[in-house]
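Subject: Structure for you to look at

Hello,

Here is the structure I promised to pass on. Please open it and keep it beside you while you read the notes below.

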Amino acid sequence: MKKLLSTMLAGVLALGLSACSSKPATTAPAGDSGSKSNLIGVAMPTQSLQRWNQDGENMKKQLEAKNYKVDLQYANNDVNTQVQSIENMITKKCKVLVVAAIDGAALTDVLKKAADNGIKVIAYDRLIMKTPNVDYYATFDNFKVGVIQGQYIEKKLGLKEGKGPFNIELFGGSPDDNNATFFYKGAMSVLQPYIDNGKLVVGSKQKDFTTIAIQGWDSAKAQARMDNLITSTYSKGTKLDVVLSPNDSLAIGIVASLKNAGYGTADKPYPVLTGQDCDKPNVLAMIHDQQSMSIFKDTRTLASKVVEMVDAILQGKQADVNDTKTYNNGSKVVPSFLCDPVYADKENYKKILIDSGYYKESDLK
Ligand code: BGC
């Protein structure tokens, strides 16, 4: 993992690649190094998923390149731990807080404290809910992530050409993550018409978001739900053609369940299966025909966008945003910058992931 991260960090500096046209954060020192007034707190949810490690490391590297000091903390997906580390950052008098929330609605009190101390807050990737004390939001276009997953299924199955019916099962992300419903709604904006006209059949009939949601984006929980679906619906010869998985951690659990049930042979191939993040094990799963695609969200791009926001805030300027309508957190509409997601699959992953410097060919062995 260490080697992989350093490879990717080298990629950040070499490329400053951008799906949302932001520049690499390597020039023009904005900070007064050594001064506490330059401390930026970065709170990430967990080290257990590859993507958050990359996000954290990219943020640290890019902020330090601009002479900021960085307090980077992970919280093992535990809400109280995250609240506590944000409290510590406030005590240390950080200037800006960058937070990828575990539970979007659990930070109201601690962010009130931040505001009382004049600290600005940027929501990173996930919207922070139920507080006026969040200044900006930087993310990938979450609805579009779902749309791309839905369109991939549409194309793979030939739904536009009238093919079908196909049996589908649907999975949703963690209900405490605002992104999860955006992913689901985006995907269903493409898939629902085919469910309505009978070309897609949800074998289990489980469609409602709360029924299909997987708490904590947990692979084991996704595996257990897939096990149940196979037993209840697909054990007597009914073919499973496609599974909508919102991200890679769920896809890992779904593949494990399918594998245990004997999928992956000529007679019983894996269903079309979506994902998100292009985590290394999932890229390998794509190469081995276990997972069909994964949304690629270049964490280098998101980090450089957030560093631009930090700069703007500390220079007393308005940060660059491109969406002032979509992300209502229940207290206000948070000015947002949405980066553009794309997909990778077995056909294009070399171009998307290797030519861009995100992975080396040798990382994918
Ligand atoms: C992120 C996804 C990630 C998921 C699980 C979501 O908020 O947008 O990229 O797969 O959390 O960590």
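Asp298 counts as buried because its relative accessibility is 4%. Buried means under 20% relative accessible area, exposed means over 50%, and partly exposed lies in between, with a 1.4 Å probe and protein chains only. Asp298 forms a salt bridge with Arg300, and their closest N and O atoms are 2.8 Å apart. A salt bridge here is a side-chain nitrogen of Lys or Arg within 4 Å of a carboxyl oxygen of Asp or Glu. Arg300 counts as buried too, at 2% relative accessibility.

Before you go further, note that this is a predicted model: local features need pLDDT of at least 70, side-chain atom pairs count only at pLDDT 80 or more, and totals for chains, interfaces and linings use all residues. Residues are numbered from 1 along each chain as its sequence is written, and side-chain values use heavy atoms, with hydrogens and water left out.

Other salt bridges

By the rule above, the count comes to 16 salt bridges. In one of them, the side chains of Arg51 and Asp125 meet at 3.0 Å, N to O. Arg51 lies in helix α2 (residues 50-64) and Asp125 in the loop between β4 (120-124) and β5 (136-140), so this pair ties together parts that are 74 residues apart in sequence. Both Arg51 and Asp125 are buried.

Another salt bridge joins the side chains of Asp340 and Lys144, at 2.8 Å, N to O. Asp340 is in the loop between β11 (336-339) and β12 (342-345), while Lys144 is in helix α5, so the pair ties together parts that are 196 residues apart in sequence. Asp340 is partly exposed at 35% relative accessibility, and Lys144 is partly exposed at 31%.

Which strands make up the open sheet, and in what order? The sheet has four strands in the order β7-β6-β8-β9, with parallel pairing. Two strands pair if DSSP finds at least two bridges between them. Helices (H or I, at least four residues) and strands (E, at least two) are DSSP runs, numbered from the N terminus. The edge strands are β7 (200-202) and β9 (272-273), each of which pairs on one side only. Strand β6 (residues 166-170) pairs with strand β8 (residues 242-244) in the parallel sense, over three bridges. Ile168 stands opposite Val242 in β8.

Helix α5 (residues 142-157) packs on this sheet and touches β6, β7, β8 and β9; its direction makes about 170° with that of β8. Axes are lines fitted to C-alpha atoms, for helices over the stretch in contact, and angles run from 0 to 180 degrees between N-to-C directions. Contact means heavy atoms within 4.5 Å.

Asp177

Is Asp177 buried or exposed? Asp177 counts as buried, at 4% relative accessibility. Asp177 is found in the loop between β6 and α6 (178-196). Leaving aside neighbours within four places in sequence, Asp177 is in contact with Arg126 and Trp217.

The chain as a whole

The chain has twelve helices and twelve strands. Of its 365 residues, 56% are buried. Among contacts between residues at least 6 apart in sequence, 74% join residues at least 24 apart.

Regards
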